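Please read this report alongside the structure, which is shown just below.

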Amino acid sequence: MLNPSETTPGNDTRKPKSLRRSRYGCRNCKLRKIKCDEVRPRCKQCFSFGVTCNYLLNIPDLQPVSADSRWQIKNPALCQLPPSLDTPVYTTDGSDTFHMTTRHQEYVFRYLGQAPPSISNDPNTKKLNLSLLELCFVSPSLMHASLALALAYDRYRNDFTTSQRRSEEYHHWTRSAALLKKRLNQPIETKDKDPIWGTAATLALLSFSFTDTNLPDRSWPVQVPSENSVDPLDWLRMDNAKMSLWHIVNPLRPESIFSIMKDTYAQLASPLPKSGAKGIPGPLASICGLGEHSTAGNNPYFSAAHAVSQLLEIEDSRVTVGHTQRFTKCIGGAFESLLRGRDPVALLLLYLWYSKAARSIWWIESRARVERPAIRLYLQRTCGADDKIQKCLLADLPACGGFFLALE
């Protein structure tokens, strides 16, 4: 009697399956147990998955395309990171653990350790990033979020044609969100507060940097979002979720690593005028219907118009995250409803904000690359006869401020 594990030519049920596999496929497809089309130098499966096809022995398994020489490490010390198998590096908070590869280490060190110039003009940002880098090694949720942000920055720098997420970026993003949710369902101690705020803030930046398409003519507001597409203001939901944690973690407490950003937070919290249109360029005030007696209570554009006008008058080299978020803080209530309804005036204010804020901060530019030309295209199609709106769309924005002169 044959052993059940033995086979004969007549009863080998596995043989037909093995015949359907590619004999000369790449190692990635074999590891993933999928059929390779054997197209060289890069098969379709690897192209779709976002990894470098490895027919050649010198190419690592499942290496994302973004991890190549296009983003060079300028600091020689970072080039000497030890191999992960010989000296494993991991991050843990006592509950969850994440083992890091050499690639993971390189990405997070490049982004947080070297502080890309287009993060913010705030001089304290670099100091904060170094503190976040240290904190990453005791917080897996923050490490996953930081890796996702570093990958998003790599996409922004090296692949101008798209703002869509890659598979590895998405993996770290979703893993970070799951770990943060788990942490928030547990008692929060003082040691947990900075990792929680850092993770929530990073996830909010990631949400903002992502758009559902890289083509302006297929983006909101040109296209109405479908049931299956991403909400164009989903980033606002994420930012509001982050701010809901403010009073729980208090990032301005003296022992917090975020306390050095108190001036930036103060810029965000500084009050806007209570009434009138002083400080808003005449043509813009006219478009918004703002006058001497206007207030946030009787005009839905009031706060947003003041916030964007103040931003437009700041020199590019002095714009900080706090300055830019004064406008996003105004997106709520009636003004948010107008944006969702593709109201021309609300869209114009968002367009002007993109035009200025994207010059200084990379994650804003990542979204602005798509939505700014999309807004312009939509307003040209729907408001082509409105000279005031068209004048604002075509106005030059001097790097040193002075948008008043561009419109008057």
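## The largest pocket

In this predicted model, the helices α7 (167–184), α8, α9 and α17 each supply at least two residues of the lining of the largest pocket. Among these helices, α7 gives the most to that lining, with seven residues. The pocket has a volume of about 620 Å³, and 35 residues line it, of which Ser 207, Val 230, Asp 234, Trp 235 and Arg 237 lie nearest its centre.

When the residues of this lining are divided by class, 17 are nonpolar, eight are polar and ten are charged.

## The largest cavity

A search of the whole structure finds one cavity of 30 Å³ or more, and about 640 Å³ of space lies in the largest cavity. Its lining consists of 36 residues, and those that lie nearest the centre of the cavity are Ala 201, Leu 205, Val 321, Gln 325 and Trp 363. By class, the lining of this cavity has 23 nonpolar, eleven polar and two charged residues.

Several helices take part in the lining of the cavity: α4 (102–114), α5 (125–136), α6 (140–158), α8 (190–209), α9 (234–243), α11 (262–269), α14 (321–328) and α17 (362–382) each supply at least two residues. Helix α8 gives the most to the lining of the largest cavity, with seven residues. In terms of domains, the lining draws at least three residues from each of domain 2 (89–266) and domain 3 (270–396).

## An enclosed helix

Which helix is largely enclosed by the rest of the structure? Helix α13, residues 302–312, is largely enclosed in this way, because nine of its eleven residues are buried. The buried residues of α13 are Phe 302, Ala 304, Ala 305, His 306, Ala 307, Val 308, Ser 309, Leu 311 and Leu 312.

## Aromatic pairs and a cluster

A pair of aromatic rings is described by the distance of the centres and the angle of the planes. In this model the count comes to 15 aromatic pairs. One of them joins Tyr 153 and Tyr 156, whose ring centres are 5.8 Å apart and whose planes stand at 35°, so the pair is tilted. Both of these tyrosines lie in helix α6, three residues apart, which is about one turn of the helix, and both Tyr 153 and Tyr 156 are buried. Another pair is formed by Phe 327 and Phe 335, where the ring centres are 6.3 Å apart and the planes are at 85°, so this pair is edge-to-face.

Phe 327 is buried, with a relative accessible area of 0%, and Phe 335 is likewise buried, with a relative accessible area of 2%. Phe 327 and Phe 335 also belong to one aromatic cluster, which is formed together with Phe 208, Trp 235, Trp 353 and Tyr 354. Within this cluster, Trp 235 is also one of the residues that lie nearest the centre of the largest pocket.

## Charges over rings

Where does the charged end of Arg 110 sit? The charged end of Arg 110 sits over the ring of Tyr 107, at 4.9 Å from the centre of that ring. Arg 367, for its part, lies over the face of Phe 208, at 5.3 Å from the ring centre, and Phe 208 is itself a member of the aromatic cluster described above.

How values were computed: Residues numbered from 1 in each chain as written. Predicted model: local features only at pLDDT ≥ 70, side-chain atom pairs only at ≥ 80, totals over all residues. Heavy atoms only, no water. 1 Å grid on protein atoms, 1.4 Å probe; cavity = no way out; pocket = protein on both sides within 12 Å on 5 of 7 lines; lining within 4 Å. Points joined across faces, edges and corners; volume = space filled by probe spheres on them. Helix = DSSP H or I, 4+ residues; strand = E, 2+ residues; numbered from the N terminus. Nonpolar A, V, L, I, M, F, W, Y, C, P; charged D, E, K, R; others polar. Domains from an automatic or database assignment. Buried < 20%, exposed > 50% of the residue type's maximum accessible area, 1.4 Å probe, protein only. Phe/Tyr/Trp six-rings, centres within 6.5 Å; stacked < 30°, edge-to-face > 60°. Lys NZ or Arg CZ within 6 Å of the ring centre and 35° of its normal.
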